[in-house]
Number of protein chains: 2
Amino acid sequence: MIKQDKKKIPIVFIGAGNLAVNLAQALFCSGFEIMQVYSRTEESAKSLAEKVNAGWVTDLKEVILNASLYIVSIKDSALTELLQQIVSGKDGALLVHTAGSIPMSVWKGKTTRYGVLYPMQTFSKQREVNFKEIPFFIEAAQREDVELLKAIASVLSDKVFEADSRQRRSLHLAAVFACNFTNHMYVLTADLLKKYGLPFEVMLPLIDETARKVHTLSPLEAQTGPAVRYDENVINKHLEILADEPEMKEIYRILSESIYKYKLCQP
Amino acid sequence: MIKQDKKKIPIVFIGAGNLAVNLAQALFCSGFEIMQVYSRTEESAKSLAEKVNAGWVTDLKEVILNASLYIVSIKDSALTELLQQIVSGKDGALLVHTAGSIPMSVWKGKTTRYGVLYPMQTFSKQREVNFKEIPFFIEAAQREDVELLKAIASVLSDKVFEADSRQRRSLHLAAVFACNFTNHMYVLTADLLKKYGLPFEVMLPLIDETARKVHTLSPLEAQTGPAVRYDENVINKHLEILADEPEMKEIYRILSESIYKYKLCQP
């Protein structure tokens with residue numbers, strides 16, 4: 001996609017959450033024009049708009065109508081609720097959402113050019129990510145829009161795929177396990193260490209190696225620890241230590257059982 | 001520690017599991033002499049012994065008595081069971097175990113020079129790890145042996161700490177969450193993706209970024225996803241998809257509740 005083309009696709013962001021902030025910045029830095037940012041709160045709208053040299057509004061009725069691409073990145077429940085207002089007056093433009101969990105059909109019958117642009121990554125406002133390695137999953141109602149979205153995503157990433165709504169839903173669910181639940185394990189680790197007056201940093205080499213391992217071993221092959229060895233002595237000692245932490249104890253018990261079961265039943 | 005000193009501490013490994021294999025190889029490659037390897041099975045004993053140019057036995061009674069350091073790295077329950085045989089005839093030598101979960105006091109009254117050498121990492125036989133960044137936690141009954149173990153560990157790693165049995169037990173429990181349970185999240189991810197005909201590799205950028213994030217953000221700050229946003233629409237859709245996977249569904253439910261609770265109750 002050549003430089004002039006990018007300028008021909010002025011973009012509006014509906015939503016200014018973690019994903020929107022990261023995606024808008026990456027598009028802006030790659031030469032795209034971000035015309036406007038909408039967010040419910042002035043603080044978010046303004047903050048993102050300033051970063052990407054765009055205007056901002058907090059009222060959906062004030063969203064400009066002459067953009068080429070509207071990237072809608074808001075909470076799932078908000079999208080359903082605001083859908084009618086979002087599409088209103090934007091015939092001819094391409095409207096996409098960025099949610100793994102929402103089918104493309106949510107747009108159906110509301111507008112003619114629509115699709116999904118789903119970058120599968122964990123985004124935080126405080127942290128820049130390397131877009132080059134982020135898988136983008138694309139879907140659109142019309143073939144030309146699939147190609148357009150692919151071209152746009154390819155400016156940012158080397159990994160652009162087509163995926164239908166069913167596949168994207170599965171990817172999103174899997175990503176909750178791979179990322180959100182994994183990060184929660186780090187949260188529980190940090191909580192335990194804090195209780196014992198030990199610094200979280202001491203765990204980073206272990207966390208890094210655990211992630212690196214599954215680049216070369218399957219997760220089942222990579223599994224270590226008392227549960228996969230069924231070392232009941234250790235498991236019981238750990239459950240004792242967690243006696244006054246009923247929730248953490250329950251998580252420990254359920255995950256240990258699941259680890260052992262996968263080990264037993266692996267082909 | 002100078003080269004001659006290393007040669008003055010001939011080592012015997014009791015056990016040839018993942019940790020023993022990695023530690024023995026690292027010590028051997030750093031110039032230490034591994035005299036002998038004991039393992040219950042000939043296959044493991046021989047395989048490790050060949051790698052580190054050592055003799056091997058499968059009968060504890062045949063373990064040589066003139067080594068300076070015995071590194072005992074066997075399942076917790078086996079250690080308790082075999083303790084008497086392990087110490088037998090080795091007065092004067094230093095005996096250490098490598099288990100996070102076993103107190104040093106397990107040796108007490110059985111021999112005079114004893115301790116613990118605990119490298120906190122996930123070890124697999126198929127994979128070499130970088131020992132330089134692995135935290136070693138040291139404990140010994142006698143001050144001179146603390147210093148000796150520190151000197152030995154410092155040859156391998158830049159991160160050598162003293163830790164008593166209580167601290168080590170806490171570290172080990174935290175490591176189960178940071179590593180074993182995290183890896184199980186990867187197992188569940190792989191299982192889901194397989195079911196949908198999607199390759200596990202597509203998740204690696206997300207897994208890597210999730211691990212990298214907690215180098216600069218606290219795990220609580222790093223948390224993203226439907227549970228922390230309390231996006232009930234998405235959570236309910238995911239629970240529906242998991243309807244025929246009762247165990248995975250239960251794990252999803254419990255971890256989502258825990259994520260949301262940590263968010264609510266964070267200071």
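Visitor: Where is A:Y262 found?
Guide: A:Y262 sits in helix 11 (residues 246-265) of chain A; helices (H or I, at least four residues) and strands (E, at least two) are DSSP runs, numbered from the N terminus. Please note that this is a predicted model, in which local features need pLDDT of at least 70 and side-chain atom pairs count only at pLDDT 80 or more, while totals for chains, interfaces and linings use all residues. Residues are numbered from 1 along each chain as its sequence is written, chains are lettered from A and ligands numbered from 1 in the order in which they are written, and side-chain values use heavy atoms, with hydrogens and water left out.

Visitor: Is A:Y262 buried or exposed?
Guide: A:Y262 is buried, as its relative accessible area is 19%. Buried means under 20% relative accessible area, exposed over 50%, and partly exposed in between (1.4 Å probe, protein chains only).

Visitor: Which residues does A:Y262 touch?
Guide: Not counting residues up to four places away in sequence, A:Y262 touches A:L220, B:H184, B:V187, B:L188, B:D191 and B:M248. Contact means heavy atoms within 4.5 Å.

Visitor: And what about A:H238, where does that lie?
Guide: A:H238 lies in helix 10 (residues 232-241) of chain A and is buried, with a relative accessible area of 1%. The side chain of A:H238 makes a polar contact with that of A:Y252, at 2.7 Å. A polar contact is a pair of N or O atoms within 3.5 Å; within protein, one must be able to donate a hydrogen and the other to accept it, and residues adjacent in sequence count only if both atoms are side-chain atoms. Leaving aside neighbours within four places in sequence, the contacts of A:H238 include B:H172, B:L173 and B:V176.

Visitor: How are chain A and chain B related?
Guide: Chain A can be laid on chain B with an RMSD of 0.0 Å by a turn of 180° and a shift of 0.0 Å along the axis. The two copies are thus related as by a two-fold rotation axis. The superposition is by least squares on the C-alpha atoms of residues with pLDDT of at least 70 in both copies. Of the residues of chain A, A:T182 comes closest to the axis, at 2.6 Å (C-alpha).

Visitor: Through which surface do they meet?
Guide: They meet through the same surface, because 100% of the interface residues of chain A are also interface residues in chain B.

Visitor: Changing topic, what is helix 6 of chain A like?
Guide: Helix 6 (residues 165-195) of chain A has 31 residues and reaches 43 Å from its first C-alpha to its last, close to the 45 Å expected at 1.5 Å a residue. The expected span is 1.5 Å times one less than the number of residues. Helix 6 of chain A is mostly covered, with 25 of its 31 residues buried.

Visitor: Where does helix 6 of chain A bend?
Guide: Helix 6 of chain A bends by about 30° at A:V176, the bend being the angle between axes fitted to the seven residues ending there and the seven starting there.

Visitor: What caps the N-terminal end of helix 6 of chain A?
Guide: A:D164 does, with a side-chain oxygen 3.2 Å from the backbone nitrogen of A:R166. Just after helix 6 of chain A, A:G197 takes a positive phi of about 70°.
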